Amino acid sequence: MNTADSESLARKLLAAGYVEDSLDRADVAILNTCVVRQASEDRVYAKLHELKEWKTPERTVAVTGCIVAKEGATLGRRFPMLEPVVVPIGEYDDFVAGLDARYDYSQGEALPPAGRTGISHFVRVIEGCDHNCTFCIVPKVRGRERHIPFDDVVAECRQAVDAGAKEVVLLGQNVDDYHDPNGRGGLAALVAAVEKIPGLKRLRFMTSHPQDLEPQLLEVMAASDVICRELQLPVQSGDDGILKRMARGYQMRHYRAIVERARTLMPDIGLVTDVIVGFPGESEEAFLNTRRLLEEIEFDVVHLAMYSPRPGTFAADRLADDVPAAEKLRRLNDLLALQKSIAARKTARWVGRNVQVLVEGHDELGRVYGRIRQGKRAIVLKGGDIAPGELIHLRVMQATAGQLTGLPAA
Ligand code: SF4
């Protein structure tokens, strides 16, 4: 979501004549912030402190993103010497107009409409979240759900593809809850319409929610050559008691049923999940239920986090943070080691297979890289003059937990 916001603001600035530059040469520094975890929020304040040296009366510091919703005007009081311009998410026109009144730039280079790389275009289809997971700050900072009309989404995707995008990524904090405000349907209907856009090579969407995922969505995915075979489906815990305390709205049998159906329809589907260890009340047995789930499902990627209370959430205000820090760390390290071995084992299964790769660019070693339909990163050896945006076939020679490496296949 933050990348999509940054792209949107960057496009407006570049269209107004600004160019990206290094901080030491820039007149304007913009921080697009995330506060989903305390560590992210701490990084924002660290960056703002760093900017004190950089700031001069001629220079502008702007802050946008979730911290604006959370802290708003207090940023000005906390950093008076920075005189930060506070820009609410999505309200970029006034900000750009304010800069125009201060600076005079008219020679910018237009950003490709598809985004910085020109390959992927992010489209927000739903903003905010109507859930109230007890650990999560998002509903407070991003507000209740707003759904972008179906026709507007399809039109934006078509425009991006016409301008050169090869991949479209539909975004929402809970993308599965999407429904057209004019009654044209939910996410399954939307992806079914978008995937038919001529010239679109890949369609992805994130992030899903086990309670809201429509069964038809899996059918639409399975029947498509364009929609990626990847589900980002946060489970958070493998224990029903903890899920209830988290107010996630589903039980493990429901989660398992989704995974089973997805794998029946798409045996090679990539599964990505999020897990929090050490949530209030997480007993050893509850933790072991999560551990057993990881062993059983064999996710491709697990984003693991230790629970830390976010002020302003139900869990922080009402539930005792009763798992000692050392125990949280032990559980985290245990699952990290477990998942590392699972991911290595799973990825090794790709060796010897041909996979389809959408080429995204060149890495720091000059090698061609891209992503397979199941989401894994792939390095193309002897990629020669394969250009970003091409769909190629790769014979996988090597696999590590994080990526595949291979040679172009006929
Ligand atoms: S569904 Fe996701 S964004 Fe919404 S409250 Fe729960 S964790 Fe936060």
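## Model and domains

The model is predicted; local features need pLDDT of at least 70, side-chain atom pairs count only at pLDDT 80 or more, and totals for chains, interfaces and linings use all residues. Numbering starts from 1 along each chain as its sequence is written.

The chain is assigned four stretches: domain 1 (2–102), domain 2 (113–228), domain 3 (236–348) and domain 4 (354–408). These bounds come from an automatic or database domain assignment.

Between the C-alpha centres of domain 2 and domain 4 the distance is 25 Å. Their contact draws 7 residues from domain 2 and 8 residues from domain 4. Contact here requires C-beta atoms, placed from the backbone, within 7 Å. On the domain 2 side that touches domain 4, 2 residues are nonpolar, 1 is polar and 4 are charged. In this scheme Ala, Val, Leu, Ile, Met, Phe, Trp, Tyr, Cys and Pro are nonpolar, Asp, Glu, Lys and Arg are charged, and the others, Gly among them, are polar.

## The S1-S2-S3 sheet

Three strands form an open sheet in the order S1-S2-S3, with parallel pairing. Pairing requires at least two bridges found by DSSP between two strands. Strands (E, at least two residues) and helices (H or I, at least four) are DSSP runs, numbered from the N terminus. The edges are S1 and S3 (85–87), each pairing on one side only. Twist averages 20° from one strand to the next.

S1 (residues 28–33) and S2 (residues 60–65) run parallel over 6 bridges. Thr33 sits opposite Gly65 of S2. From S1 the chain crosses through helix H2 (residues 38–54) to S2, a right-handed β-α-β crossover. Right-handed means that, with the strands pointing away from the viewer, the path from the first strand over the helix to the second runs clockwise. Ala62 has Val85 in S3 as its bridge partner.

Two helices lie across S1 and S2. Helix H1 (residues 2–15) runs at about 150° to S1. H2 runs at about 175° to S1. Axes are lines fitted to C-alpha atoms, for helices over the stretch in contact, and angles run from 0 to 180 degrees between N-to-C directions.

## The S8-S9-S10 sheet

A second open sheet has 3 strands in the order S8-S9-S10, again with parallel pairing. Its edge strands are S8 (230–232) and S10 (301–306). The average twist is 15° from one strand to the next.

S8 meets S9 (residues 270–277) through 3 bridges. Gln232 faces Val272 in S9. Helix H14 (residues 325–348) packs on this sheet and touches S9 and S10. Its direction makes about 170° with that of S10.

## Ligand shell

Around the ligand are Cys129, His131, Asn132, Cys133, Cys136, Val138, Pro139, Gln173, Asn174 and His209. The shell holds 5 nonpolar residues, 5 polar residues and no charged ones.

## Backbone details

The Met206 to Thr207 peptide bond is cis, with omega near 0°. Thr207 belongs to the loop between strand S7 (202–206) and helix H9 (215–222).

Ala247 has phi near 60°, a positive value in a residue other than glycine. Ala247 lies between helix H10 (240–246) and helix H11 (252–265), in the loop.

Terms used:
Near = placed C-beta within 6 Å.
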